[in-house]
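Let's walk through this one together, a piece at a time.

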Amino acid sequence: MIQRITTNCIRIAVVIIIPLLFITGCSQDADRTSFLLGTICRIQINGGDNSDLDAAFNCIRQIESRMSRNKETSEVRKIASGGDDGFKVSPGPCQVIKRALDFGHLSGGLFDVTIAPVVDLWGFGNNDVDPHLPSESALKQALPLVDYQQIQVQEDCRVVTGPGQRIDLGGIAKGYAADEAAKVLRKSGVKSALINLGGNLFVLGKKDNGKPWKFGIQDPLKPTGTMMGIIEIDSGALVTSGIYERFFEENGKKYHHIIDPNTGYPVKNNLAGVSITAPSGLDADALSTAVFMLGIDKGCELLAQFPNTGAIFITKNGEITTYGIASARFNLTNQDYRVVGRK
Ligand code: ADP
Ligand code: MG
């Protein structure tokens with residue numbers, strides 16, 4: 001999970017799913033951190049070198065240049081000015097937009113990539129703007145623009161939107177980027193790596209000692225860096241969405257960055273956060289956002305459609321429900337929490 005801090009006037013998303021490398025004494029051959037996709041991206045590899053990191057970061061940089069909403073020249077930005085014929089995007093954004101529309105259907109419309117105009121009113125999604133409470137009338141005006149069903153992706157990857165619609169891949173692109181970076185590393189022969197894109201984790205292969213990877217799950221009710229449990233995974237993605245990733249406080253109320261497309265306001269339910277494990281980073285990313293909005297019961301119904309996925313739901317009152325995660329793989333370290341259900 002991530003939290004914003006202020007450094008040199010840039011708000012930075014800090015990863016607080018806590019990689020517990022020290023627990024198992026994993027060594028790295030190469031390790032690099034860079035600010036991309038609006039967040040801190042770190043890749044650590046075993047059995048590789050700096051040229052492998054160059055290739056992986058170049059891949060992420062290319063994805064950012066095509067899919068970022070904050071870059072005027074990005075393909076995702078240009079879609080808005082595509083007119084009736086739409087704007088032709090590269091295969092990468094084409095695939096991600098199609099999958100995002102699938103998640104729109106799968107989530108009953110809660111996951112909506114056309115949320116951009118509303119997210120902008122809140123000031124989320126742009127590190128140069130302070131998040132703030134928008135006026136009700138501004139939200140009311142922007143809400144009709146939010147409707148993923150008006151987006152069409154043609155066979156040649158021309159993307160056509162309704163008038164005034166804009167696309168925000170913030171809930172899915174980091175997961176895709178992690179998958180692609182992992183592909184690049186695998187291709188160059190790297191056997192073991194940890195890719196961490198602002199809390200969207202992807203582990204490639206086993207650790208150098210052959211043991212599972214261990215990660216601390218942030219305690220959603222405590223200061224950053226305080227973990228409440230440890231999860232073990234062998235491979236694939238671990239992605240978290242929650243109310244404390246990006247948020248601000250106004251008049252004593254907290255507002256987070258996952259927006260209900262029906263109301264224009266942050267989703268309200270009893271969840272503080274949900275962490276998803278899945279073979280695919282893209283799926284894990286979109287699922288974490290969608291499942292967070294759906295809540296535990298409907299969220300588990302959605303997860304059932306994705307083989308080999310797992311989830312840890314944490315409610316605001318400290319109750320934990322796990323889905324598809326063997327009990328030996330998730331250990332509570334804070335006894336203020338209790339596991340109330342295993343599905
Ligand atoms: P993060 O990207 O901070 O790790 P998430 O993956 O949960 O967190 O995605 C939240 C981001 O998704 C928001 O910052 C915004 O860009 C976008 N978003 C917000 N509400 C929705 C929504 N209803 N459907 C799809 N994307 C959304
Ligand atoms: Mg997400």
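The side chain of His-256 reaches out to the backbone oxygen of Val-267, at 2.9 Å. The backbone nitrogen of Ile-258 is also reached by the His-256 side chain, at 3.2 Å. Both are polar contacts, meaning pairs of N or O atoms within 3.5 Å; within protein, one atom must be able to donate a hydrogen and the other to accept it, and residues adjacent in sequence count only if both atoms are side-chain atoms. Bear in mind that this is a predicted model, where local features need pLDDT of at least 70 and side-chain atom pairs count only at pLDDT 80 or more, while totals for chains, interfaces and linings use all residues. As for bookkeeping, residues are numbered from 1 along each chain as its sequence is written, chains are lettered from A and ligands numbered from 1 in the order in which they are written, and side-chain values use heavy atoms, with hydrogens and water left out.

Where does His-256 sit? You'll find His-256 in strand E15. Helices (H or I, at least four residues) and strands (E, at least two) are DSSP runs, numbered from the N terminus. His-256 counts as buried because its relative accessibility is 6%; the cut-offs are under 20% relative accessible area for buried and over 50% for exposed, with partly exposed in between (1.4 Å probe, protein chains only). Setting aside neighbours within four places in sequence, His-256 is in contact with Phe-124, Ile-243, Arg-246, Phe-247, Pro-266, Val-267 and Phe-292. Contact here means heavy atoms within 4.5 Å.

One name on that list, Pro-266, deserves a look of its own. Pro-266 belongs to the loop between strand E15 (253-256) and strand E16 (271-278). Is Pro-266 buried or exposed? With a relative accessible area of 12%, Pro-266 is buried. Leaving out neighbours within four places in sequence, the contacts of Pro-266 are Trp-122, Tyr-255, His-256, Ile-258, Ile-259 and Asp-260. For a sense of scale, the C-alpha atoms of Pro-266 and Val-339 are separated by 26 Å, and these two residues are 73 apart along the chain.

Now follow the chain on to E16, which is joined to E17 by six bridges, the two running antiparallel. Two strands are said to pair if DSSP finds at least two bridges between them. Strands of a sheet pair through backbone hydrogen bonds, either parallel or antiparallel. Within this pair, Val-274 stands opposite Phe-313 in E17. Strand E17 (residues 310-315) is largely enclosed by the rest of the structure, because six of its six residues are buried. That goes for both faces: Gly-310, Ile-312 and Ile-314 are buried on one side, and Ala-311, Phe-313 and Thr-315 on the other.

E17 has another partner to show you: it pairs with strand E18 (residues 319-323) in the antiparallel sense, over four bridges. Here Phe-313 stands opposite Thr-321 in E18. E17 and E18 make a hairpin with three residues between them, and Gly-318 in the turn has a positive phi of about 85°.

Strand E11 (residues 213-218) is mostly covered, with five of its six residues buried. E11 pairs with strand E12 (residues 227-233) in the antiparallel sense over six bridges, and Gln-218 stands opposite Met-227 in E12.

Elsewhere, look for an open sheet of three strands in the order E6-E8-E7, with antiparallel pairing. Its edge strands, each pairing on one side only, are E6 (87-88) and E7 (152-153). E7 is joined to strand E8 (residues 158-160) by two bridges, and Val-153 has Val-159 as its bridge partner in E8.

Time for the ligands. Which residues come nearest to ligand 1? Of the 20 residues around ligand 1, they are Asp-112, Asp-168, Lys-174, Ser-241 and Ile-259; a residue is near a molecule if one of its heavy atoms lies within 4 Å of it. A polar side-chain atom of Ser-241 is 2.6 Å from an oxygen atom of ligand 1. For Asp-168, an N or O atom of the side chain lies 2.7 Å from a ligand 1 oxygen, and for Thr-289 that separation is 3.0 Å. The protein covers 98% of the 560 Å² of accessible area that ligand 1 has on its own, areas that come from the Shrake-Rupley method with a 1.4 Å probe.

Asp-285 and Thr-289 both lie in helix H8 (residues 281-294), four residues apart, about one turn of the helix. Asp-285 counts as buried at 4% relative accessibility, and Thr-289 counts as buried at 11%.
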